[in-house]
Amino acid sequence: MPRLIMAGDGDSALAPWSEAEVTPIPTLQSLGEIFIELREPVWRYLLALGLAASEAEEVVQETFLRLCQHLASNGKQANLRGWVFRVAHNLARDEHRRRQRRPSEPLAGVEANGRAYTDSLATPEQQVIDQERALRLKSALERLPTRQRECLHLRAEGLRYREIAEVLGAGVSTVADWVQQGLKTLGKECDENHRK
Amino acid sequence: MRIIGSNHGDSHPKEAQLLLALDGELEAREAAIVGEHVANCQACREKCDQWTMVSERIEEYHRNCLPIPPSSALADELDRLLASKKPAANLRSWWQSLTFPGAVAAFASVAAALLMLAWYFSRTPAVPAPRYVAVRTPPDTPRLTPALVPTSVAHRSIRRRRAPSAPVDVDSFIALPYSDTALPLSGATTLRVQLPVEDLWLAGVMVDSGRAGAIVQADIIMGMDGLPRAMRLVQ
């Protein structure tokens, strides 16, 4: 932390701050732009992982606070999108573990917080069909293995395979295998539901 | 055509490679190979279609079923600060507001102006018609002095001869082109030279072309600045 030297505190003069004491502040423009670009995708990803809205909001704030510190300490600026999602992913995992240690609380999960699927151009019957389809998809996603589910959600938020690999700490070809297996499983479930 | 691996021992690419090609993650060469196979293989095409359908449903779920994040004091403050720093979106450079015909007209105008300037500066001034020095009588009759070396007209052979002692009749002289006839001839010197007739042409004095290649004699009035002012053919 910077040290403020007051006159009369034993030092006869106010000494300038040394470089080690002054923390460079990242430009507001760069931090603001990253925040605006990634806040909603990160938020949706956290909810898709099963976090409650309040937990997701805390994780989002913590993630961007760490981003600010990362930029201020001249951290690596390549693939910042992957970096942000990785931090959010790890914080969400920590939040899951904390929740498991706590007495179970009723989750304000996606179903309670989720918006009703609305399409102003669809008829009411179509809207009901679409809502049921969305719920079936959600259930199918929750039945997938964790890694496959995480890959699909990250891919749905526009991350490239190398970014997903950075978030999950895996290789690109492994990520491709997970995505392909997840899509294959969901595809079979969609076909079965269509036949019913 | 090299197939990038196979799941089933047949000629199909691996499903992971198929997916990477679908998502645009392969290099161009590999993507082209996979794309060519998919175009000719119904089974792989059906797989790609199914994956595309499922992917779209997941994205639709993200967009429509997951709640919007609540307003955040931090987000509001950043929005406000960034909006105050961004330039107005409706400011456009004037050339960006030109329509295509306007842009073509502007370009044509600039090009025409540049061409006119280039033509003006590159044109050779017209050779004035020879005229007699007698139109303007110099105040002083040039005195005959020992010959001076001419400077502006290239002479292949010059013979310096002692000029005749008689005063020169300037009325018979022709003013040379490019010479400033307003300058007085005081202190001028008359020089008698022999030179090829082509040099006269170069000096702007038209000579009967029947005499091309001939050597002529001429008297040249040289000014104090060393430049020829007028000449007359002697022979």
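Colleague: How are α6(A) and α3(B) oriented to each other?

Modeller: Happy to walk you through that one. α6(A) and α3(B) are roughly perpendicular to each other, in what is a predicted model. In general, a pair of packed helices is described by two things, the angle between the axes and the distance between them. Here, helix α6 (residues 146-156) of chain A and helix α3 (residues 42-65) of chain B have axes that come within 9 Å and cross at roughly 75°. Angles of 65 to 115 degrees count as roughly perpendicular, and that is why the pair gets this label.

Colleague: Thanks! Which residues meet there?

Modeller: From α6(A), look for Leu152(A), His153(A), Arg155(A) and Ala156(A). Across from them in α3(B) are Ser55(B), Ile58(B), Glu59(B) and His62(B). The residues of this contact divide into 3 nonpolar, 3 polar and 2 charged.

Colleague: Now the rings. How many aromatic pairs does the structure hold?

Modeller: Over all chains, there are 2 aromatic pairs. One of them joins Phe35(A) and Phe64(A), with 4.8 Å centre to centre and 75° between the planes. Planes over 60 degrees apart count as edge-to-face, so this pair is edge-to-face.

Colleague: Where do the two Phe residues lie?

Modeller: Phe35(A) lies in helix α1 (residues 28-48) of chain A and Phe64(A) in helix α2 (residues 53-72) of chain A, so the pair ties together parts that are 29 residues apart in sequence. Both Phe35(A) and Phe64(A) are buried.

Colleague: And what elements make up chain A?

Modeller: Chain A has 8 helices and 0 strands. Buried residues account for 41% of its 196 residues.

Conventions
Residues are numbered from 1 along each chain as its sequence is written. Chains are lettered from A and ligands numbered from 1 in the order in which they are written. This is a predicted model: local features need pLDDT of at least 70, side-chain atom pairs count only at pLDDT 80 or more; totals for chains, interfaces and linings use all residues. Side-chain values use heavy atoms; hydrogens and water are left out. Helices (H or I, at least four residues) and strands (E, at least two) are DSSP runs, numbered from the N terminus. Buried means under 20% relative accessible area, exposed over 50%, partly exposed in between (1.4 Å probe, protein chains only). Axes are lines fitted to C-alpha atoms, for helices over the stretch in contact, and angles run from 0 to 180 degrees between N-to-C directions. Angles under 35 degrees count as roughly parallel, over 145 as roughly antiparallel, 65 to 115 as roughly perpendicular and the rest as oblique. Contact means heavy atoms within 4.5 Å. Ala, Val, Leu, Ile, Met, Phe, Trp, Tyr, Cys and Pro count as nonpolar, Asp, Glu, Lys and Arg as charged, and the others, Gly among them, as polar. Rings of Phe, Tyr and Trp (its six-membered ring) pair if their centres lie within 6.5 Å; planes under 30 degrees apart count as stacked, over 60 as edge-to-face and the rest as tilted.
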